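Subject: Structure handover and notes on its packing

Dear colleague,

I am passing on the structure below, followed by my notes on what was found in it. Please read the notes with the coordinates open beside you.

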Amino acid sequence: MNPRCLLATTLLFAVTALSQQSPSAKTEPSVIKVDSPASLIHLGSLDSFDITSGGTRAAEQVLKFIETGDKAAARRALDIYDRIIPDENFGGEYTALKWIVECLLEPEATRKEKFMSDPQVEGFYLMLSDDKWAPLRAYLRDKYHLGDEKVDSKNFLDFTQIKRRNRYLEDFILFANPARESWEKTSKMIAALGIKPGMKIADIGSGPGYFSFKFAQLVGEKGKVYAVDNNEDHVGYLKHTIERLKVKNVESVMPKQDDAGIPERVDLIYMCSLYHNFYAILSDEERDALIHSMRRSLVEGGQLVVVDNGPVAGTLPYHGPFINRAFIIAQLTHQGFELVKQEQFIPQRYMLFFKLKPGEGNPPKRAREPLPAKIPEGGLIAHSLRELPPTPNVAEFVEGDATQIRALSHRSLLRTLITGTSPTYSTKGRTVARKFYDALLKMDKPALAEIGKTYGDLIQRERVGDEYTALQWFCDYITSSDEQKKKFVTGPLVADYVDFFTGNNYERLKKYIKNKYVLGDIEKSMNEMLTKSLDDDKPSADGGKNTAKAATQGQESKSDTNLPKRPKPPTAEEREAESIRLEEMGIQPPPPPYQTLKLDVEISDLIAWWEYLAYSNPRREEWEKTSKMLGFLDIKPGQTVADVGSGGGYYTFKFADLVGEKGKVYALDLVDEQLANLRRGAEKAGYKNISTIKSKENDCMLPENSLDVAYLCSLYHATYVTSIEYVKDGFVDSMKKALKPGGHLVIVDNQPLSDLSGGYYGPRIAKEMIIAQMVKYGLKFKSFAQFVPQRYVLVFEVEK
């Protein structure tokens, strides 16, 4: 069958199937249904757009064609794309790259008429074809590994600017794709919006303006379109396009973290492929503030339209972020909106139309939430779904049914951190760290004693469970007498922890504080970099930092007419003032640009030190109630336990003590350095019953029927939201196979709490989402316990 006919047939089948799964008008808007073990939300990272063998072969031919003009290579690329687009990357960049090849094969005399009659499409062509296609050539080489860019990966500034440029180009190719209509049915989506001349529209997350300029044509001269985006590269391109085409009714808007920045009330707010980030990355406070600003900006009767990607099972996988629409409907219902209509024209993309409920046009901002309910001394323990306590919680099962989750508030049921495993800090935390660093350099014990007290106060406000308790421990340790220090070092593992950070006159601790909190000469270089004026006379293909030179082996851009210009960044004083303002609202400012700084240590070392400092923290018991958690698990001598995602081994060693000489503990991790630290500690302490294993994301690498207990702490939220389905399926299946009949899979993770409540700083996921998924994987929910508000323990049993 012709690939195009196959694609059309598959589309018809998939759309029909999915239309039957869409929520009905009678469905309770706050209920999320779980029909399979598939995750309901996925945030794309490096796995968003799979690099397959077919995609790589096609990219090789595209690169050969644009570099040599070899038309046979072009035809080979088209043949490959015809075969793989239906199955691999429908909606991804393949259709854009295919368009480029077809455009270049067209005779020059008719090329513009057939392919670039639309000035927006012409802008796409001009952007990527600049300097003999230098941006596209560099992008293909880097993404598909088609030849080494002459860049030193240890040169953070050079290396990461190129990575940043290529991520921008990936977004640009996807969003401004001239063939987007073929897979998205853009014209049908726009028709569904009912745009009329004179309307005012805010395009939130506009990117390079794909929808903004289409809206502008429809609203006409008397209408207005506000293109809202915080990506400086997209903003630069959009402003350049406005100037190039002399567009009068489109205005670029740079939002703040707490305000969408819409300058007047509008008839329509449009968000495309963005709300999954709103839901899972932003804090509740940040999202509340942004939605509050959008509600305030709608005219009476105005609409909020959310377009996003849903999970697609079996056919046409959309390789990118997705979110089950029920999450959005539930959250916006709690935010004062009501769903009035839904549309879906392709399998993986839906449209949700909302209007404000009566009286919700200009609501007051939410007040600070109180601290979460204190957990009773004995903890919360349940042995069935119906016994699960509803508080402190953001969700519950509907009448004990693990296939239906009810969202109880405006808060998200899941949150990951945009920084991933990167360090970050607050303004107050940095202020204390600056004093701590200065006191360490001088070994000023009176100052360190006061700093320890300051950390004690800060812990209650900001970061229970993060590193503050560890830094406070070091303040107390340093200021104690030699005799008192012996009481701090409670065993060989704490001794190893102390040696690691205090050896050579506290060298590692000093380096850690200096580099994480960007102090001393690092701070000076960061301020110089961020406040440096951009050379607007020589814009580059990456959006304004002249990194094209590194990517094209010395060939600087020869044209400055088709390339975006980036705005000047704020000064150090402006950044600090904005951070303080945001933190007063409970909103975490963005992390510093570690990857572009001249650090004293490798960024990988800094991250490893951060994890070891926080996770092997001698005071972890105080905030986590570790001993109560272990008592609940009732691990017995002689058992075999796997500590999955062991890190430095905080739990590994505790398990080793519990199982004794006749037992066995496997420490599994993806990071070599973490396993090396763990082995070093085990050797020093004389443990003989610990083995380390470098596992894989889709395989725990353990023998079948070898485990009594598999333990995952602060890990499964990442598996749930970032792993592609077949990767997650493989991981869970390998765990089930490794467990003996009746063995226990224990998942410990973090409860969603308000950032204003002194809760756990870090990723979090509602326990109901994990329970529902594990039940669908065929595991039996056995019991639950919670000893602190921010952390819960789930126990599942394998039945074979």
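In this predicted model, helix α16 (residues 445-461) packs with helix α17 (residues 468-479) at an angle of about 155°, and their axes lie 8 Å apart. Since angles over 145 degrees count as roughly antiparallel, α16 and α17 are therefore roughly antiparallel to each other, and the crossing in which α16 passes α17 is left-handed. On the α16 side the contact involves K445, L448, A449, I451, G452, Y455, G456, L458 and I459, which meet Y468, T469, L471, Q472, C475, I478 and T479 of α17. Sorted by class, the residues of this contact between α16 and α17 comprise ten nonpolar, five polar and one charged.

Helix α16 also packs with α15, at an angle of about 160° and with the axes 10 Å apart, and α15 and α16 are therefore roughly antiparallel to each other. The crossing of α15 and α16 is left-handed. The residues K428, G429, V432, A433, K435, F436, A439 and L440 in α15 meet A447, L448, I451, T454, Y455, L458 and R461 in α16, a contact whose residues divide into ten nonpolar, two polar and three charged. Among the α16 residues listed here, L448, I451, Y455 and L458 are in contact with α15 and are also listed in the contact with α17.

Helix α15 (residues 427-442) has a further packing arrangement, with helix α19 (residues 492-516), where the angle is about 150° and the axes are 10 Å apart; that makes α15 roughly antiparallel to α19. Their crossing is left-handed. In this contact A433, F436, Y437, L440 and L441 of α15 meet L509, K510, I513 and K514 of α19, and by class there are seven nonpolar, no polar and two charged residues.

Turning to the sheets, seven strands form an open sheet with mixed pairing, in the order β5-β4-β3-β6-β7-β10-β9. The edges are taken by β5 (250-253) and β9 (337-346), each of which has a single partner strand, so one side of each is left without a neighbour in the sheet. From one strand to the next, the twist averages 20°. Within this sheet, strand β3 (residues 200-204) and strand β6 (residues 266-272) pair in the parallel sense over four bridges, and the bridge partner of I204 in β6 is M271. Helix α10 (residues 210-219) packs on the sheet, where it touches β3, β4 (224-228), β5 and β6, and its direction makes about 170° with that of β4.

Another helix, α14 (residues 325-334), lies across β7 (298-309), β9 and β10 (349-356), running at about 10° to β10. Helix α14 also lies across β1 and β13, where it runs at about 175° to β1, and this brings us to the other sheet described here. That open sheet is formed by three strands in the order β1-β13-β12, and its pairing is antiparallel. Strands β1 (31-33) and β12 (395-398) stand at its edges, each with a single partner strand, so one side of each is left without a neighbour in the sheet. The twist in this sheet averages 40° from one strand to the next. β1 pairs with strand β13 (residues 401-407) in the antiparallel sense over three bridges, and I32 stands opposite I405 in β13.

Finally, some words on confidence. The mean pLDDT of the protein is 85, and 82% of its residues reach 70 or more. Over residues 45-49 the pLDDT is below 50, and the model gives this stretch 13 contacts beyond near neighbours in sequence. Over residues 149-157 the pLDDT likewise stays under 50, and here the model has 28 contacts beyond four places in sequence.

Notes. Residues are numbered from 1 along each chain as its sequence is written. This is a predicted model: local features need pLDDT of at least 70, side-chain atom pairs count only at pLDDT 80 or more; totals for chains, interfaces and linings use all residues. Side-chain values use heavy atoms; hydrogens and water are left out. Axes are lines fitted to C-alpha atoms, for helices over the stretch in contact, and angles run from 0 to 180 degrees between N-to-C directions. Helices (H or I, at least four residues) and strands (E, at least two) are DSSP runs, numbered from the N terminus. Angles under 35 degrees count as roughly parallel, over 145 as roughly antiparallel, 65 to 115 as roughly perpendicular and the rest as oblique. A crossing is left-handed if the near helix is turned anticlockwise from the far one by less than a right angle, and right-handed if clockwise. Contact means heavy atoms within 4.5 Å. Ala, Val, Leu, Ile, Met, Phe, Trp, Tyr, Cys and Pro count as nonpolar, Asp, Glu, Lys and Arg as charged, and the others, Gly among them, as polar. Two strands pair if DSSP finds at least two bridges between them. pLDDT is the predictor's confidence in each residue, from 0 to 100.
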